Amino acid sequence: MPAIRPASKRKPPPDGFEDIEEDLLIFGNKMKDAQNTPTDNIPKHQAQWPIFQISHQRSRYVYELYYEKEAISKALYDWLLKNGYADAMLIAKWKKQGYEKLCCLRCIQTKETNFNSTCVCRVPRAQLKEDQDVQCVSCGCRGCASTD
Amino acid sequence: MVKSTYQPSASALQPLPPGWTEHKAPTGHTYYHNAETKESTYKRPGVAPTAPSINPAMNSFVQHQTVPQVNLSDPNVANAFMAQYGQPPPHQQRGQRGGSGPGARGGFQARPRPQPVDKPRLKIPIPGAEPWILVYTKYGRRFAYNPTKNASYWRIPEKLMPAILELDTARIRQKAEGKEIESHNGGKDADAQGGATAAARPSAPSPQAEEQATHEYDSSEYEEVEVTDDEGAEGDEKNQETDGEGHARKRQRTEEPPADTGPAEFTEADIAAQLAAMGAGYYGKDDVAMGEGVEGEEEWEEGDEGLPLSDEDARLLFKDLLNDFRINPYSPWEKLIEEGKVFDDPRYSVLPTTRARREVWEEWSRAKIQENNDRRVKEEKKDPRIPYLAFLQDKATPKLYWPEFRRKYKREAPMKDPKLHDRDRERFYREHIGRLKLPSTTLKADLRKLLVSVPLSTLNNTTDLLTLPPQVLSDIRYISLDPSIRDPFVEAYLQDLGPPPLAGGEGAGDGEDDAVKKSHGERLKREKALEERQRAVAEEKRRQEKRVQYERARLRDGEREIERAMHVDKKGLQSQLTGELAKT
């Protein structure tokens with residue numbers, strides 16, 4: 001874990017951070033709330049779903065600002081990644097074809113599953129049975145295939 | 001989750017005896033001082049708690065002995081009755097409403113127990129008496145509530161009695177079976193609450209209190225309702241009642257179907273589960289965003305498309321809406337949806353689907369951000385030193401060293417600005433303090449030097465004190481002199497300067513003005529179109545209604561006809577025919 005520097009020694013964030021500061025703060029608060037929610041009566045595998053989901057949303061927010069809306073500068077984007085506001089690995093996947101909507105990295109980690117397959121949320125809606133309602137075990141995703 | 005930050009406020013305590021005043025020590029403790037006797041104490045001086053301790057006893061005595069015989073089966077009478085006979089001493093009551101509830105009574109006057117106000121925690125629809133709802137409160141009390149008539153009674157109306165009895169027996173049976181379901185928890189909870197209420201009212205010498213402690217809690221609940229009421233004041237009751245209703249109603253509004261079907265229990269665990277469910281719903285929405293786009297939200301679709309409003313206009317209208325609500329173009333779409341403040345605007349529905357809306361929003365935000373960036377490039381960069389130096393001039397004194405100064409003003413915006421390094425801040429401060437000790441003639445000479453160094457194009461006789469160039473404002477020499485001396489000096493200097501050297505004229509202003517005017521005119525046109533469209537929709541709706549009514553009337557006529565035709569009595573068709581004949 002990197003050393004936490006005091007505010008006086010910290011470099012200021014790049015320009016444009018003020019524009020998105022508020023939204024990032026909202027995400028941060030949501031994340032804190034999710035972390036502090038007791039998970040006593042939630043099934044064990046579901047305990048981390050909100051964490052994954054908020055992290056996904058925040059990464060998506062940063063990703064869209066930089067790659068789709070082109071609203072933030074390269075410097076700011078790098079700074080955000082460095083400071084943990086977005087998951088660089090996840091964003092790296094989103095840039096690949098077929099992974100545009102990927103929910104989390106765990107869902108494509110085939111080595112962790114019994115039959116070396118990806119998560120059920122990666123299966124396109126069209127290939128599922130009629131009215132089959134899926135929610136994946138690792139992050140609670142309901143389907144993140146690119147064709148959905 | 002959220003810890004109670006309740007502190008018994010001073011008003012919740014007894015009033016101080018005359019001569020005493022309350023103070024706050026620098027350590028944060030409260031202490032009390034008597035100016036006459038020059039006495040101070042941390043302990044709160046109080047009058048002997050004789051008077052208040054009598055009153056409740058009296059009260060309960062009154063309520064259990066001298067109650068006139070009234071017909072309590074009428075709920076209205078019951079309410080009035082309780083208001084009259086359940087009156088605790090009025091002078092303490094005010095303070096207690098602040099949040100201490102029924103805790104401060106009789107013996108423990110000195111330290112009122114922090115008790116939150118009673119709240120509804122569970123509501124159960126009463127089977128057989130449909131609109132009625134039985135609402136349980138946090139303290140185990142309960143009242144019947146009719147949402148349609150908007151009336152609630154602590155005293156359960158007679159006609160609901162059998163239904164509620166049935167409900168209770170069902171609950172007891174369930175408990176006996178030991179089912180591992182929610183209502184079981186609820187039942188236990190209720191027992192615990194019973195205990196709590198008993199504990200909260202130790203001075204109530206009612207036979208029901210003893211009864212309540214026994215296992216027959218459930219069956220004695222009806223009487224218990226009255227008991228708890230007698231102790232609350234009239235205002236208290238009303239308050240809680242309305243409070244309860246408010247909560248109940250709110251609950252109805254926010255969490256709709258799943259909670260209402262079974263026995264809805266709002267126990268600790270269930271609230272957590274509810275929250276989780278709400279969270280799941282919320283994440284569900286995000287999953288939608290994650291996975292399947294936004295088709296899930298298309299129920300927002302209004303049925304009034306297809307009227308002439310061109311696509312382009314609709315898009316522009318929606319953009320106007322986004323502009324008007326000052327939506328942050330950087331914020332994600334989900335935030336806009338979550339906040340939901342744009343839903344009420346008629347312009348929200350000009351686009352038929354959420355997907356279309358999202359597209360327009362994307363386009364708009366992109367344009368907006370672009371505009372922002374352009375403006376920012378054009379705008380000159382603001383020097384972070386200027387506000388800091390102004391702040392220094394205002395606040396810095398030679399009496400404070402830098403660390404002291406920093407600690408004292410660390411909350412001020414100029415001291416927190418990340419653009420300016422702390423090192424620079426310190427340097428400026430030291431320099432400024434050092435310069436404050438210099439004689440004013442030197443300072444004046446320095447300022448003059450500074451002003452001379454600025455070229456005539458930026459500093460000339462058209463500038464005034466408010467429009468000084470940043471070059472001047474961000475210099476330490478500018479703030480060394482006190483403003484009362486400096487300002488006349490600078491003004492005098494400015495008047496001596498010549499006019500600005502002529503440069504290229506300003507031609508861009510007119511074109512911009514035109515553009516603004518044009519966009520405004522277009523916007524007005526669009527809004528007019530929207531209005532017309534809405535009028536057309538209303539007209540169409542009215543016509544449709546009329547048609548429906550007409551059709552209904554015709555149908556009714558037809559039915560009557562058929563009925564008449566079917567009305568053939570025993571004599572058969574003949575009598576019918578003769579009747580017809582006789583009529584003609």
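This is a predicted model: local features need pLDDT of at least 70, side-chain atom pairs count only at pLDDT 80 or more; totals for chains, interfaces and linings use all residues.
Trainee: In which helices of chain A is confidence lowest and highest?

Mentor: Confidence is lowest in α1(A), with a mean of 92, and highest in helix α4 (residues 88–94) of chain A, at 95.

Trainee: Why is Lys30(A) called partly exposed?

Mentor: Lys30(A) has a relative accessible area of 22%. Buried means under 20% and exposed means over 50%, with partly exposed in between. The value of 22% lies in between, so Lys30(A) is called partly exposed. Lys30(A) belongs to helix α1 (residues 17–36) of chain A.

Trainee: How far apart are Lys30(A) and Pro50(A) in sequence and in space?

Mentor: They are separated by 20 residues in sequence and by 9.3 Å in space, C-alpha to C-alpha.

Trainee: How do you know what span is expected of helix α11 of chain B?

Mentor: The expected span is 1.5 Å times one less than the number of residues. Helix α11 (residues 311–324) has 14 residues, for which 20 Å is expected, and its first and last C-alpha atoms are 20 Å apart, so the helix is close to the expected span.

Trainee: Which residues of α11(B) are buried?

Mentor: Among them are Ala314(B), Leu317(B), Phe318(B) and Leu321(B); Arg315(B), Lys319(B) and Asp320(B) are also included. After α11(B) comes Arg326(B), with a positive phi near 55°.

Trainee: What makes the pair Glu22(A) and Lys335(B) a salt bridge?

Mentor: The term requires a side-chain nitrogen of Lys or Arg within 4 Å of a carboxyl oxygen of Asp or Glu. The side chains of Glu22(A) and Lys335(B) meet at 4.0 Å, N to O, and therefore the pair is called a salt bridge. Three salt bridges are counted between chain B and chain A. On the side of chain B that touches chain A, the elements giving two or more residues are α10 (268–290), α12 (333–339) and α13 (354–378).

Trainee: How many residues are in contact between the two chains, and what area is buried?

Mentor: Contact joins 29 residues of chain B with 37 residues of chain A. About 2700 Å² is buried between the chains, and carbon and sulfur atoms give 51% of that area. Seven residue pairs are in polar contact between chain B and chain A, both residues being at pLDDT 80 or more.

Note on methods:
Residues are numbered from 1 along each chain as its sequence is written. Chains are lettered from A and ligands numbered from 1 in the order in which they are written. Side-chain values use heavy atoms; hydrogens and water are left out. Helices (H or I, at least four residues) and strands (E, at least two) are DSSP runs, numbered from the N terminus. Buried means under 20% relative accessible area, exposed over 50%, partly exposed in between (1.4 Å probe, protein chains only). pLDDT is the predictor's confidence in each residue, from 0 to 100. Contact means heavy atoms within 4.5 Å. Buried area is the accessible area (1.4 Å probe) that two parts lose on being put together, summed over both. A polar contact is a pair of N or O atoms within 3.5 Å; within protein, one must be able to donate a hydrogen and the other to accept it, and residues adjacent in sequence count only if both atoms are side-chain atoms.
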